[in-house]
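Morning, everyone. Please take a look at the structure on the screen, and then we'll start with a pair of helices.

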Amino acid sequence: MNGQIELTDLDYHEAARYLGYGQNEIDADTLKLMRQCENEIVSQVRPRGIYRVFDVVVRQEGVEIAGTNLILFGESIKRHLANCDRAVLMAVTLSDAADRMIRTFQVTDMAKAVIMDSMASAAVEQACNRLETEISRELPQYYQTFRFGLGYGDLPISLQRDFIKILNADKLIGLHVNESSMLVPTKSVTAVIGLSREPVKGQARGCQTCNMRDICKFREKGGHCNG
């Protein structure tokens with residue numbers, strides 16, 4: 001599956017978390033800018049997503065994606081896909097329109113640029129949720145794990161290029177990888193969802209298992225991302 005994901009409104013609470021508000025009320029000036037940014041994102045950005053379903057085989061070094069040359073290395077992804085015989089590889093991007101808007105406001109209005117960045121982060125999260133709902137509809141016979149992003153735990157972010165290639169995401173949704181293994185456009189997500197015939201047990205997610213913990217903006221403010 002690949003195609004456009006429709007967003008008609010954005011999650012202000014999620015964006016406020018990115019802005020570091022925590023449980024504090026959003027002030028009137030910020031709320032006004034959030035509304036402006038929401039209107040611009042909804043009218044100009046066209047989120048796109050893609051996913052494919054693969055059989056998986058657990059190996060000593062990680063998880064093999066059957067029919068490909070990709071092995072998802074690490075103990076954390078092995079635990080994530082324990083008791084799963086299949087997995088979804090998914091990618092979502094807001095397109096380069098979001099990046100262009102953020103760059104423009106970084107020159108003309110830095111306050112709005114910060115809020116635009118946070119609203120775009122909320123938007124890509126919502127787009128991922130929409131795609132995940134579609135996956136649930138298409139595969140009702142499976143229980144699903146949470147989304148496990150590349151770079152999370154000890155799953156190397158250096159696998160991004162092979163991951164994108166397998167999905168053909170560069171051609172189908174315009175998603176690319178730079179020399180540092182970061183996604184371009186920046187407001188994009190790649191993730192793995194495990195599929196199991198049995199109910200999936202709760203799995204811990206938190207700062208201690210995330211390799212972004214040392215540079216996380218939420219941790220700097222004494223919070224966490226709920227990831």
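Predicted model: local features only at pLDDT ≥ 70, side-chain atom pairs only at ≥ 80, totals over all residues.

Residues are numbered from 1 along each chain as its sequence is written, and side-chain values use heavy atoms, leaving out hydrogens and water.

Back to the pair. The axes of α2 (residues 28–44) and α5 (residues 110–138) cross at roughly 55° and come within 9 Å. Axes here are lines fitted to C-alpha atoms, for helices over the stretch in contact, with angles from 0 to 180 degrees between N-to-C directions. Helices are DSSP runs (H or I, at least four residues), and strands are too (E, at least two), numbered from the N terminus.

Who meets whom? From α2, the residues include Leu-33, Met-34 and Ile-41; from α5, they include Ile-115, Met-119 and Ala-120. Contact means heavy atoms within 4.5 Å.

Now zoom in on Ala-120, in helix α5. Is Ala-120 buried or exposed? Buried: its relative accessible area is 1%. The cut-offs are under 20% for buried, over 50% for exposed, and partly exposed in between (1.4 Å probe, protein chains only). Setting aside neighbours within four places in sequence, Ala-120 touches Ile-41, Leu-94, Ile-102 and Lys-187. Leu-94 is 26 residues from Ala-120 in sequence, yet their C-alpha atoms are 7.9 Å apart.

Last, confidence. The protein's mean pLDDT (the predictor's confidence in each residue, from 0 to 100) is 89.
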